Amino acid sequence: MSRPEETLYAGHDLTPRSVCFSPPDLFYDDTESRKYTTSSRMQNVQSEMTNRALQLLGLDSSSLVLDIGCGSGLSGEILSTISPLKGGPHTWIGMDVSASMLDIALQRDVEGDLLLSDIGQGIPFRPGSFDAAISISAIQWLCNAESSDVHPRARLSRFFNGLYASLRRGGRAVCQFYPKNEAQRTMISNAAIKAGFGAGILEDDPGTKNSKIYLVLTAGGGGLQGDISSVVKNMRDVDVQDARRKPSIAGKNDLRKGSKGWIMRKKEQMEKRGKVVKPSSKYTGRRRRVAF
């Protein structure tokens, strides 16, 4: 799988490795930001991925959308020009860690509001602020560890927990990203699931250098409502994982702490985790008399 950035910088002193591992706020300086924005190839690729993400979002009316890693506003421009016949146009707020990218967005006079912020530190908006969120080629940067005090899992956790809170219940997010390997892909999707999302992976052109991966997320309401099964229905190459807690059955989990049933259940859980557990007997869970 090749990132468009790798093709863009082929033949330069920059290598794909430097593109992948340099912090985005340092890599995308004034020169690189302008080069990215003015490249016709990047514009075409960005447009293709943004329209695909919008198809997966399935917005049928004008909505407030968060553009995560908005860069110079290429995706935002598409959000602003969606035809009313297709549910648009959408109002959007973009956030990015690169000041140079945001400066170019201001120069291009994009319609969305812009915020300089590191998504690895969370999403700084009130709960339920957005109807939907979109991200193109951004969240893989959260997996980079430029120094020993940077922890990718912690950054992913802060990002997805903040994103979940910022979406209204039933809201959706689509994040297109380029994982370096299968472990990184799994780490990202697991972080989303742990935050409470229903998560599905959609891969276009799998097994080719043009492969593009979309993480489709839903912040469901009560129970398992609002999952993504309707989004990915009849789509090929879709892997859906749903690890949200199902509604508990009345009476199933009402064991009193310290009771024999509670102790037996805890011992069973410990055994499944490979822990050494003492054998049960007729005295297990029996209350002892108070000794004076």
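Predicted model: local features only at pLDDT ≥ 70, side-chain atom pairs only at ≥ 80, totals over all residues.

The protein chain has 11 helices and eight strands. Of its 292 residues, 46% are buried. The chain exposes about 16200 Å², and carbon and sulfur atoms supply 49% of that area. Now take the contacts between residues at least 6 apart in sequence: 69% of them join residues at least 24 apart.

Next, the inside. In soluble globular proteins, nonpolar side chains tend to be buried together. Here, the largest nonpolar core has 33 residues. Which residues have the most contacts inside it? They are I139, F159, F160, L163, F197, L215 and L217. For a closer look, pick F159. Leaving aside neighbours within four places in sequence, F159 is in contact with I68, I119, G122, I123, I139 and L142. There is also a second, separate core, made of 22 residues, with M49, A53, V110 and L202 among them.

Across the pairing, M95 stands opposite L115 in β3. Together, β2, α7 and β3 make a right-handed β-α-β unit. The helix of that unit, α7, covers residues 99-107, and its buried residues are S100, M101, L102, I104 and A105.

Most residues other than glycine have a negative phi, and most peptide bonds are trans. Following α7 comes D109, with a positive phi near 55°. S137 also has a positive phi, near 55°, and sits in the loop between β4 and α8. D205 has a positive phi near 50°, and its place is the loop between β6 and β7. Are S137 and D205 buried or partly exposed? S137 counts as buried because its relative accessibility is 8%, while D205, at 45%, counts as partly exposed. As for the peptide bonds, the one from G88 to P89 is cis, with omega near -10°. P89 belongs to the loop between α6 (74-80) and β2.

Last stop: charges. Side chains of opposite charge can pair when their charged atoms come close. A search of the whole structure finds six salt bridges, and we'll visit some of them. K35 pairs with E32, their closest N and O atoms being 3.5 Å apart. These two are three residues apart in helix α4 (residues 30-38), so about one helical turn separates them. E32 is buried, with a relative accessible area of 10%, whereas K35 is partly exposed at 25% relative accessibility.

R52 forms a salt bridge with D204, with 3.0 Å between the closest N and O atoms. Because R52 lies in helix α5 (residues 40-57) and D204 in strand β6, this pair ties together parts that are 152 residues apart in sequence. Both R52 and D204 are buried. Finally, D131 and R168 form a salt bridge whose closest N and O atoms are 3.1 Å apart. This pair links distant parts of the chain too, from D131 in β4 to R168 in β5, 37 residues apart. D131 is partly exposed at 24% relative accessibility, and R168 is partly exposed at 36%.

Methods:
Residues numbered from 1 in each chain as written. Heavy atoms only, no water. Core = buried A, V, L, I, M, F, W, Y, C linked by side-chain atoms within 4.5 Å. Buried < 20%, exposed > 50% of the residue type's maximum accessible area, 1.4 Å probe, protein only. Contact = heavy atoms within 4.5 Å. Helix = DSSP H or I, 4+ residues; strand = E, 2+ residues; numbered from the N terminus. Areas by Shrake-Rupley, 256 points an atom, 1.4 Å probe, with all protein chains shown as cover. Pairing = 2+ DSSP bridges. Right-handed = clockwise from strand over helix to strand, strands pointing away. Salt bridge = Lys/Arg side-chain N within 4 Å of Asp/Glu carboxyl O.
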